[in-house]
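Work through the exercises below with the sequence and coordinates open. Each task is followed by a solution in steps.

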Protein chains: 2
Amino acid sequence: MSKTYQVVGIGNSIVDVLSHVEDAFLTENGIEKGVMTLIDLERAAAIYAITGPSTEISGGSAANTIAGIAQLGLRTAYVGKVKDDQLGAIFAHDMRAQGAGYEVPLAPADHEAETGRCMVMVSPDGERSMNTYLGVSEFLTADDIDEAMMADAEWIYLEGYRFDGPESHAAFAKAIAACKGGGGRVSLTLSDPFCVERHRDAFREMIKDHVDLLFCNEHELRAMYQDDDLSVVLRLAAQEVDTVACTVGPKGAYIWRDGKETHAPADKVQIVDATGAGDLFASGFFYGELNGYDTLTTGRMGCVAAGEIISHIGARPETDLKSLFAKHDLL
Amino acid sequence: MSKTYQVVGIGNSIVDVLSHVEDAFLTENGIEKGVMTLIDLERAAAIYAITGPSTEISGGSAANTIAGIAQLGLRTAYVGKVKDDQLGAIFAHDMRAQGAGYEVPLAPADHEAETGRCMVMVSPDGERSMNTYLGVSEFLTADDIDEAMMADAEWIYLEGYRFDGPESHAAFAKAIAACKGGGGRVSLTLSDPFCVERHRDAFREMIKDHVDLLFCNEHELRAMYQDDDLSVVLRLAAQEVDTVACTVGPKGAYIWRDGKETHAPADKVQIVDATGAGDLFASGFFYGELNGYDTLTTGRMGCVAAGEIISHIGARPETDLKSLFAKHDLL
């Protein structure tokens, strides 16, 4: 009997606040370019006060992936915490509206923290620098994990970012145990090199013991295995998990599986906003994986979905991804 | 001595909630295409629940105009009411960030209404259907009008939409009296044909007695003077105000001044989202007017600014408008 869910994602529930900045703005305000930095509410307010007019759009890394998966018509759900406030309502609406069954452990309206948000500052070259206030997203605990849902999933998809938080490790452990107990498989995304620095040992243990499919980019993988040689760290990772899917920017992705490397090339795309490239790569990859496509096609689906997301502002797909797959002769 | 403000706008403070819909969605849900319909909070929630993933971006007709004027470097301010809630904070941030001195009579966090929002549903042809919940925006009263500010403005810019509300007529009357008392001039935008239907007599009185510059489109002007012949209603309006600036979609605008008609043609633009076309026409027009350009150039500036706004999602300019004027040899 097929399971209710093909992929269940767990991640930070974040509303993105997108603005355009010059690189000098980043330097002057001590904002590190191209990475995600965690900030508190006070710093979030200070940065917001000096950024230009913004656009608000639902984000969150795993949430973006699940939105893409839902748009591709797979059976999916997302678990992440928002508050009962206006930004929380926006986030929840956008997940449901995309067709992603949304499991929302709602923090009460009087919770001291607010719904999480991410100041996404887009430079003229399309690179994005993210300053994230996690808010109530950080307070997702083991109590918020529904074991029956995890056991009823073919895959769970764990967001590395979600490891930032006092009780997140226990929440992930509970989700993993329930999923594996139900015969499901576990995927993890490393999210960001600095996230890897913060959680290297815990990630490593999870990878070795539980992870079947690892999503990462080259910078994250180098940080994880502490070696600058991409071919070395790819081999190290491939020894520990069934499948490694590592994106390498405009060059596409390297996929390691059964001791073999496959290179899935990316198409040339005019980068407007790089936010969500890795997230949507995972959406496309899951589509290929769950529909039994070969490794190259599966990787190419990831690249095509990533290419769609970087061609516009925001990290949720605006074009029908399946039509794009067809256009690229992948279906 | 030059005045502190070149243009002060008064309007509805609204956050736009943009989504893409098929025309069938509008028909099925009784939403009238291409116009602005007022709705209550309950209906707003019901429509929000069935629309797809959305993008939130500050809107409001006069607010869009003032944002454009601020981007053009004119001395400007905006008066409109938001609540002390998350959407209110977003609206206020975006006005300040654009450089528009923002006068915010803030409704308290426990006010029964919320910050206003407008469900902007964009059809495949780029036409937008707007369902607006005015929220606290409706509660702008005469008490919120700072007479010293109005007296210190070369122009005030009144949004027709803002006439929907129990105390708005008194607020406008106070603003007009203070502005005229200070030697300033009054402009009005008719906003929408249905808005004209709701307030025809009050608008007519205001036009005859106080308005120096009338912004409108052909549909609004026909509704105002109840005749289908555009040349007839243009002449009728021109008898009552110094300047009539009437947009006619892809054909540009007709400007009546000193008994003479000037046609300012629009450039061919791929329409992505028509929201804000009239608002930004007014921004460009004010730039020409306040810098002493001839009528044709002034009208063309309006058309070029309108062309920028309809080429992307959202009603706030994303490109430097002055550079666009230069590119079109208008400066």
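Predicted model: local features only at pLDDT ≥ 70, side-chain atom pairs only at ≥ 80, totals over all residues.

**Exercise 1.** Determine the strand order of the open sheet of 10 strands and find its edges.

Solution. 
- Reading across the sheet gives β3(A)-β8(A)-β7(A)-β2(A)-β4(A)-β4(B)-β2(B)-β7(B)-β8(B)-β3(B), and the pairing is mixed.
- β3 (36-38) of chain A and β3 (36-38) of chain B each have a single partner strand, so they stand at the edges and one side of each has no neighbour in the sheet.
- From one strand to the next, the twist averages 25 degrees.

**Exercise 2.** Assign the sense of two strand pairs: β2(B) with β7(B), and β4(A) with β4(B).

Solution. 
- In chain B, β2 (residues 14-20) and β7 (residues 116-122) are joined by seven bridges in the parallel sense.
- In this pair, Val17(B) lies opposite Met119(B) of β7(B).
- Between the chains, β4 (residues 55-58) of chain A pairs with β4(B) in the antiparallel sense, over three bridges.
- Here Ile57(A) is opposite Thr55(B).

**Exercise 3.** Describe the side of chain B that touches chain A.

Solution. 
- Contact involves 19 residues of chain B and 19 residues of chain A.
- On the chain B side, β4 (55-58) and α4 (86-97) each contribute at least two residues.
- α4(B) gives the largest share of that side, with six residues.
- By class, the chain B side has six nonpolar, nine polar and four charged residues.

**Exercise 4.** Characterise the packing of α10(A) against α11(A).

Solution. 
- The axes of α10 (residues 277-290) and α11 (residues 295-309) of chain A come within 7 Å, crossing at roughly 145 degrees.
- The crossing is right-handed.
- Residues of α10(A) in the contact include Leu280(A), Phe281(A), Phe285(A) and Tyr287(A), while those of α11(A) include Met301(A), Val304(A) and Ile309(A).
- The contact of α10(A) with α11(A) divides into 12 nonpolar, seven polar and two charged residues.

Definitions and conventions
Residues numbered from 1 in each chain as written. Chains lettered and ligands numbered in written order. Pairing = 2+ DSSP bridges. Helix = DSSP H or I, 4+ residues; strand = E, 2+ residues; numbered from the N terminus. Axes fitted to C-alpha atoms, helices over the stretch in contact; angles between N-to-C directions. Left-handed = near helix turned anticlockwise from the far one by under 90°. Contact = placed C-beta atoms within 7 Å. Nonpolar A, V, L, I, M, F, W, Y, C, P; charged D, E, K, R; others polar.
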